[in-house]
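Trainee: Could you walk me through reading a sheet and its surroundings? I would like the general idea before each case.

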Amino acid sequence: MADGLRLTCTTCGQANRVPASRLTDSPKCGSCGDPLITGKVAELDATSHDKATRGDDLPLLVDYWAPWCGPCRAMAPEFSRAAQALAPHARLAKLNTEDFPAISQRAGIRGIPALILYHRGKEIARLAGARPAAEIVAFVQSKIPVSAR
Ligand code: ZN
């Protein structure tokens, strides 16, 4: 096995290996050059969603949302704040369930917003409904020991 943490580039879907000691050095994708850890909420598509949820070594929290969902839009700034707080120890991303209904169906999403925490190819836990940033951060930390700012 190659050294380092496996991280999927949310821009191009390329799997990258990042040494744990370099997580704080703004690692970039070896394929497209985009930063792998931004502290911002990445927008996933079907490909990057499946690659990242099935293999990434860094905890990944996915917000399943849709543009028509009021509570989803209300939570967006809170989710962004949580992404900032948890970087670079966990990544937060969102998937538009209107654009990718097959994925939300496969994940068994019944209501949105729904948050699912993934780590090393496994679903760790899920949280339903809109939450403030502090609760989102606490949820991730209660499942996986990561530090936050
Ligand atoms: Zn890339």
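Trainee: What order do the five strands of the open sheet have?

Mentor: Strands (E, at least two residues) and helices (H or I, at least four) are DSSP runs, numbered from the N terminus, and two strands pair if DSSP finds at least two bridges between them. Here the order is 3-5-4-6-7, with mixed pairing. Strand 3 (42-43) and strand 7 (122-128) are the edges, each pairing on one side only. This is a predicted model: local features need pLDDT of at least 70, side-chain atom pairs count only at pLDDT 80 or more, and totals for chains, interfaces and linings use all residues. Residues are numbered from 1 along each chain as its sequence is written, and side-chain values use heavy atoms, leaving out hydrogens and water.

Trainee: How many bridges join strand 6 to strand 7?

Mentor: Six, and strand 6 (residues 114-119) runs antiparallel to strand 7. His 119 has Lys 122 of strand 7 as its bridge partner.

Trainee: Which helix packs on the sheet?

Mentor: Contact means heavy atoms within 4.5 Å. Helix 4 (residues 133-143) touches strand 4 (60-65), strand 5 (91-96), strand 6 and strand 7.

Trainee: Which cysteines form a disulfide?

Mentor: A disulfide is a pair of cysteine sulfur atoms within 2.5 Å. The whole structure holds one: Cys 69 and Cys 72, with sulfur atoms 2.2 Å apart. Their link is right-handed, with 80 degrees about the S-S bond.

Trainee: Is Cys 69 buried or exposed?

Mentor: Buried means under 20% relative accessible area, exposed over 50%, partly exposed in between (1.4 Å probe, protein chains only). Cys 69 is buried at 3%, and Cys 72 is buried at 2%.

Note on methods:
Axes are lines fitted to C-alpha atoms, for helices over the stretch in contact, and angles run from 0 to 180 degrees between N-to-C directions.
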